[in-house]
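Thank you all for making time this morning. I would like to walk you through one structure, and I will go slowly for anyone who is meeting it here.

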Amino acid sequence: MIRADGPAARQYGRLAAPRVLTELTTESVLCLPIGSQEQHGPHLPLNTDTVIAERFTDLLVQRYGEPHDLWALPAIPYGLSLEHAWSPGTVSLRIASFMSLLHAVVTEHLGATPARRLLIINGHGGNRGILEPALYELQRTHAVSVCVIHPASLSTVQGGGETVPEIHAGIRETAMMLELAPEDVHLDNLPADFTANGAEAKRLVLDRGTSWPWTSGDTTIATCGVIGGDPRRATADAGRAILNSALDAAGHVLTHLTNDSP
């Protein structure tokens, strides 16, 4: 299992206040994980996306913290999740509240530190659409160098081998959770007759020419809220490969970010 046991000194919240101005500089990179609280089928926890974003941030700091001066911030555990609002347990922000929270958190951290570089680590696909234009606002408002990485998309490891697309709570996401938080994965909660169903997913979710307000409660694209291959085919080894591939690719992102002038 990959262990994210990076040095405590690079966890922002564990710093003593006087050390903020001696440890961080304008070259430091603040790493902000953002996730969600939403249904992930009967086998994964509500905070799956937050766990992935937070643990991946820790892994980034562990591997690249020293050469790129990375600092892990506390995660924002809420996102835009109305596509899962049909399910009990899902908690979704609205666009205005999400943007207000993001701006407030970033503004406060930039005001509390000399850092002028920001890396957002996004664990939830539903946040992606709003984070892209948000980058321009953050850059112009705060004069920072900023980008977003999406760990699952950053990885070049496909895995699964299913004909249905891996969108939500399927093989890939389950595999990452088996590697990062196996104690929270309960594959025995899936019905014995579970069958992956993604016939309409490519049209409703992935079509780049049209956008639809799709829902994971739609049985034409999901089974038990899962849009992807049978999670029971997931393995921790596959999850480790996905995460390691994303970590490798992140090196180029960090090089570009740290060479960029705010």
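I will begin with the chain as a whole and then turn to its charged side chains.

Please keep in mind throughout that what you see is a predicted model. The secondary structure of the protein chain comes to eight helices and four strands, and if you follow the elements from the N terminus, they run α-β-α-β-α-β-α-β-α-α-α-α. The radius of gyration of the protein chain is 18 Å, close to the 18 Å that the globule rule gives for 262 residues, so the chain is as compact as a globular protein of that length. Taken along the principal axes, the C-alpha atoms fill a box of roughly 60 × 40 × 30 Å.

How much of the protein chain is buried? Of its 262 residues, 52% count as buried, and among the contacts with a separation of 6 or more, 80% are accounted for by residues 24 or more positions apart. The chain exposes about 11,800 Å², and carbon and sulfur atoms supply 53% of that area.

Now to the charges. The structure holds ten salt bridges, and I will pick out a few.

One of them joins E66 and R10, with the closest N and O atoms 3.2 Å apart. This pair links distant parts of the chain, since E66 sits in helix 2 (residues 48-68) while R10 belongs to the segment before helix 1 (20-23), 56 residues away. Here E66 counts as exposed, at 59% relative accessibility, whereas R10 is buried, with a relative accessible area of 8%. R10 and E66 are also linked with D69 in a network of salt bridges.

A second example is E132 with R128, which meet in a salt bridge at 3.5 Å, N to O. Both lie in helix 4 (residues 128-142), four residues apart, about one turn of the helix. E132 is partly exposed at 41% relative accessibility, and R128 is partly exposed at 32%.

Let me finish with R172, which lies in helix 6 (residues 171-180).

Methods. Residues numbered from 1 in each chain as written. Predicted model: local features only at pLDDT ≥ 70, side-chain atom pairs only at ≥ 80, totals over all residues. Heavy atoms only, no water. Helix = DSSP H or I, 4+ residues; strand = E, 2+ residues; numbered from the N terminus. Rg over C-alpha atoms; globule rule 2.2 N^0.38 Å. Buried < 20%, exposed > 50% of the residue type's maximum accessible area, 1.4 Å probe, protein only. Contact = heavy atoms within 4.5 Å. Areas by Shrake-Rupley, 256 points an atom, 1.4 Å probe, with all protein chains shown as cover. Salt bridge = Lys/Arg side-chain N within 4 Å of Asp/Glu carboxyl O.
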